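Subject: Structure handover

Hello,

Here is the structure I promised to pass on. Please open it first, then read my notes below.

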Amino acid sequence: RAGVEHLAQFIIGQNALHQAALWQTMYRRSLDYARRGVLAAALSALDIALWDIKGKLLGQPVAVLLGGPRRESVRVYATGMYFSHGPDQPARLADEARLYLAQGFTAMKMKVGLGIAEDVANVRAVREAIGASTPLMVDANHAYSLCEALALARALEPFGIGWFEEPVSPEDYAGYRELRERSAIPIAGGECEYLCAGFRHLAVERCLDIAQPDLCAAGGLTEGQRIVALMQTLGINVTPHCWGTGIAFATGLHLASTLDVLPGRLRAAEPLLEMDRTENPLRDALTTPLFCVEAGRVRLPTISGLGVDVDAALLREFAAP
């Protein structure tokens with residue numbers, strides 16, 4: 001909140017249609033001390049708000065302002081299957097995975113990071129529950145060293161894993177690169193990276209097969225478009241990281257709808273968007289409408305701006321004193 005208030009002083013009273021110029025103003029005012037962390041997130045929040053305002057002023061969805069949607073709906077994957085205490089965790093994770101299938105999801109992601117043997121048992125149970133044809137990704141939230149991550153990746157290769165997300169520390173660029181070179185599973189990451197310069201470093205070091213910028217931290221939609229252009233120019237797929245609020249999901253949905261598939265393939269894989277399924281009133285109560293999954297996809301809003309409204313009274317309840 002303090003970061004937003006600090007940066008807002010530089011844009012209050014300015015033309016909201018000039019969002020790229022205002023982004024540059026905020027960036028230059030904070031460059032010396034805010035290339036990462038909460039102030040970069042504050043810049044992102046204000047930039048996303050400016051895009052929403054611009055859409056409302058012009059009477060257009062944000063996807064149109066981003067250059068136009070390539071698809072009217074985006075395929076989503078369920079993020080869930082977190083760790084919990086209790087007996088027979090593999091069976092409980094398998095039941096949760098079946099629930100996501102029943103809810104209409106056609107792809108999903110689960111957590112790993114408990115240790116190689118336990119992770120393999122959990123992944124095996126989920127894979128058997130959802131079948132071989134349902135895309136399944138794993139996310140370690142940088143739980144492992146390079147040696148551990150490599151051992152787990154090799155153990156999981158027979159299960160047809162779509163990607164291994166955040167296998168090692170986000171600071172371990174060399175570890176990312178070596179794991180990518182030695183594993184058959186695509187390597188994903190970037191939710192802890194900031195701004196185009198940060199993603200350039202990931203690209204130069206050849207760390208990733210799939211870049212996952214979080215638009216609410218990596219610089220908003222203005223910088224997000226630059227990150228997408230950089231990654232796709234270098235042949236790296238982009239799947240926006242999306243976790244937290246309905247605003248975050250709507251932002252990712254608009255960007256994902258505008259992503260081009262990488263050239264050179266007859267049947268290129270279409271973009272995916274994360275849809276977290278944990279209980280979260282910031283996502284499910286603070287904004288309306290709720291986004292619904294139909295046959296594994298979420299339709300792009302066609303109303304102006306981001307397409308979501310915030311419950312101001314509830315926002316005040318959530319706000320820190």
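Which strands each supply at least two residues of the lining of the second largest pocket? They are strand S4 (161-165) and strand S7 (237-238). Keep in mind that this is a predicted model.

**Second largest pocket**

This pocket holds about 640 Å³ of space. Its lining has 29 residues. Nearest its centre lie Asp209, Ile210, Asn237, Thr239 and Ala269. By class, the lining has 17 nonpolar, five polar and seven charged residues.

**Largest pocket**

The largest pocket has a volume of about 1300 Å³. It is lined by 34 residues, and the closest to its centre are Val4, Ala45, Leu46, Ile247 and Leu315. H3 provides the largest share, with ten residues. The lining divides into 27 nonpolar, four polar and three charged residues.

**Cavities**

There are four cavities of 30 Å³ or more. The largest cavity has about 60 Å³ of space. Look for its lining at Glu166, Pro170, Tyr176, Gly189, Gly190, Cys192, Glu193 and Leu202. Four of these are nonpolar, two polar and two charged.

The second largest cavity has a volume of about 50 Å³. Residues that line this cavity include Cys242, Trp243, Phe249 and Arg283. Strand S8 (residues 272-276) gives the largest share of the lining, three residues. Here the classes are four nonpolar, two polar and three charged.

Is Gln19 buried or exposed? Its relative accessibility is 7%, and the cut-off for buried is under 20%, so Gln19 counts as buried. Gln19 sits in helix H2 (residues 19-30). Leaving aside residues up to four places away in sequence, Gln19 touches Asp47, Leu50, Trp51, Lys54 and Thr222.

Thr222 leads us to helix H10, where it is one of the buried residues. Others buried in H10 include Leu221, Glu223, Ile227, Val228 and Met231. What span should H10 (residues 220-233) have? At 1.5 Å a residue, its 14 residues should span 20 Å. The end C-alpha atoms are 20 Å apart, so the two values agree. Just after H10, Gly235 takes a positive phi of about 80 degrees.

Best wishes

Definitions and conventions: Residues numbered from 1 in each chain as written. Predicted model: local features only at pLDDT ≥ 70, side-chain atom pairs only at ≥ 80, totals over all residues. Heavy atoms only, no water. 1 Å grid on protein atoms, 1.4 Å probe; cavity = no way out; pocket = protein on both sides within 12 Å on 5 of 7 lines; lining within 4 Å. Points joined across faces, edges and corners; volume = space filled by probe spheres on them. Helix = DSSP H or I, 4+ residues; strand = E, 2+ residues; numbered from the N terminus. Nonpolar A, V, L, I, M, F, W, Y, C, P; charged D, E, K, R; others polar. Buried < 20%, exposed > 50% of the residue type's maximum accessible area, 1.4 Å probe, protein only. Contact = heavy atoms within 4.5 Å. Expected span 1.5 Å × (residues − 1).
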